[in-house]
Amino acid sequence: MDARKMESLTSGTMAGAGSFRCQRCGYVVSLAASDALSDCPSCGSASFVRASLFSAGHRLEEESLFAPESDVDRAALLARAREMIGAGGERPLGEHLVYEQDGELVEVPLTREWTRIGRSLTADVRFDDPTVSRRHALIVRHADGVRVLDDRSLNGVFVNGERVEWRALRDGDEIVVGRYRLNFLDMSATPSLGEHQALQGAD
């Protein structure tokens, strides 16, 4: 096959037969020779590269796992989450996971020893997304603190941008699972408004 014909198969919408990986989210599509390469069904991106048929599923490149989020955006989300959790009167103690899904803020109280995160129907926190493994991560509560563990996931678990096998969590830590961001809140570690004002008055 000459170079011009090869170029026509790997550019434009007629990409040719083979597997192609989305450069944004890692989604892999397989095409027959006559198929057109449309936008990514996972994230809508039109940027693809040719992938091996034998590559491991929907694996993401670590450098493109997620777009950076500004500190202002994170601070606003955490403030909204703290307000939502404490809106019922007396500020509740304990640990929570919070994340945004379809524009809504979701709060998950961590009341059990194990909380499973993944794509499986049996997961406690379920994300039906190809970038999330069926068994992706575990949140484990012990008397000495809360930890996140990578449950042999394909794309890994990240805490504050660093890939980890396990990590002790602190209030405000961000956990990335596939394309999803979860935030860990320890309300018992957060001063109430009255406590915060008292601390400011003591300065």
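Q: Why is Pro109 called partly exposed rather than buried or exposed?
A: In this predicted model, Pro109 has a relative accessibility of 42%; buried means under 20% and exposed over 50%, so a value of 42% lies in between and Pro109 counts as partly exposed. Pro109 is found in strand 5, which covers residues 104-109, and, leaving aside residues up to four places away in sequence, Pro109 touches Glu95 and His96.

Q: What makes strand 5 and strand 11 the edges of their sheet?
A: The sheet is open and has 6 strands in the order 5-4-14-13-10-11, with antiparallel pairing. Strand 5 and strand 11 (162-164) each have a single partner strand, so one side of each is left without a neighbour in the sheet. Direction ignored, neighbouring strands of this sheet are turned by 30 degrees against each other on average.

Q: How do you know that strand 4 and strand 5 are paired?
A: Pairing requires at least two bridges between the strands, and 6 bridges join strand 4 (residues 95-101) to strand 5, so the two count as paired, in the antiparallel sense. Glu100 stands opposite Leu105 in strand 5, and the hairpin of strand 4 and strand 5 has 2 residues between the strands, with Asp102 taking a positive phi near 55 degrees.

Q: What makes strand 10 and strand 11 count as a pair?
A: Strand 10 (residues 157-159) and strand 11 pair in the antiparallel sense over 3 bridges, where at least two are needed. The bridge partner of Val159 in strand 11 is Glu162. Strand 10 is also joined to strand 13 by 3 bridges, again running antiparallel, and there the bridge partner of Phe158 is Val176.

Q: Why are both faces of strand 13 said to be covered?
A: Strand 13 (residues 174-177) has Glu174 and Val176 on one side and Ile175 and Val177 on the other, and these residues are all buried, which means that each has under 20% relative accessible area. Strand 13 is joined to strand 14 (residues 180-186) by 4 bridges, the two running antiparallel, and the bridge partner of Glu174 in strand 14 is Asn183. The hairpin of strand 13 and strand 14 has 2 residues between them, and Gly178 in the turn has a positive phi of about 60 degrees.

Q: What makes the contact of Asp128 and Arg126 a salt bridge?
A: The side chains of Asp128 and Arg126 meet at 3.9 Å, N to O, and the cut-off is 4 Å, so the pair qualifies as a salt bridge. Asp128 is exposed, with a relative accessible area of 59%, whereas Arg126, at 34% relative accessibility, counts as partly exposed.

Q: Why is Asp151 called buried, and what does Asp151 pair with?
A: Asp151 has 13% relative accessibility, which is under the 20% limit, so Asp151 counts as buried. Arg135 forms a salt bridge with Asp151, the closest N and O atoms being 3.2 Å apart. The pair links distant parts of the chain, 16 residues apart, with Arg135 in the loop between strand 7 and strand 8 and Asp151 in the loop between strand 9 and strand 10. Arg135 is partly exposed, with a relative accessible area of 48%.

Q: How do you know that Glu174 and Arg181 form a salt bridge?
A: The closest N and O atoms of Glu174 and Arg181 are 3.0 Å apart, where the limit is 4 Å. Both residues, Glu174 and Arg181, are buried. Salt bridges that share partners join Arg74, Glu174 and Arg181 into one network.

Conventions:
Residues numbered from 1 in each chain as written. Predicted model: local features only at pLDDT ≥ 70, side-chain atom pairs only at ≥ 80, totals over all residues. Heavy atoms only, no water. Buried < 20%, exposed > 50% of the residue type's maximum accessible area, 1.4 Å probe, protein only. Contact = heavy atoms within 4.5 Å. Axes fitted to C-alpha atoms, helices over the stretch in contact; angles between N-to-C directions.
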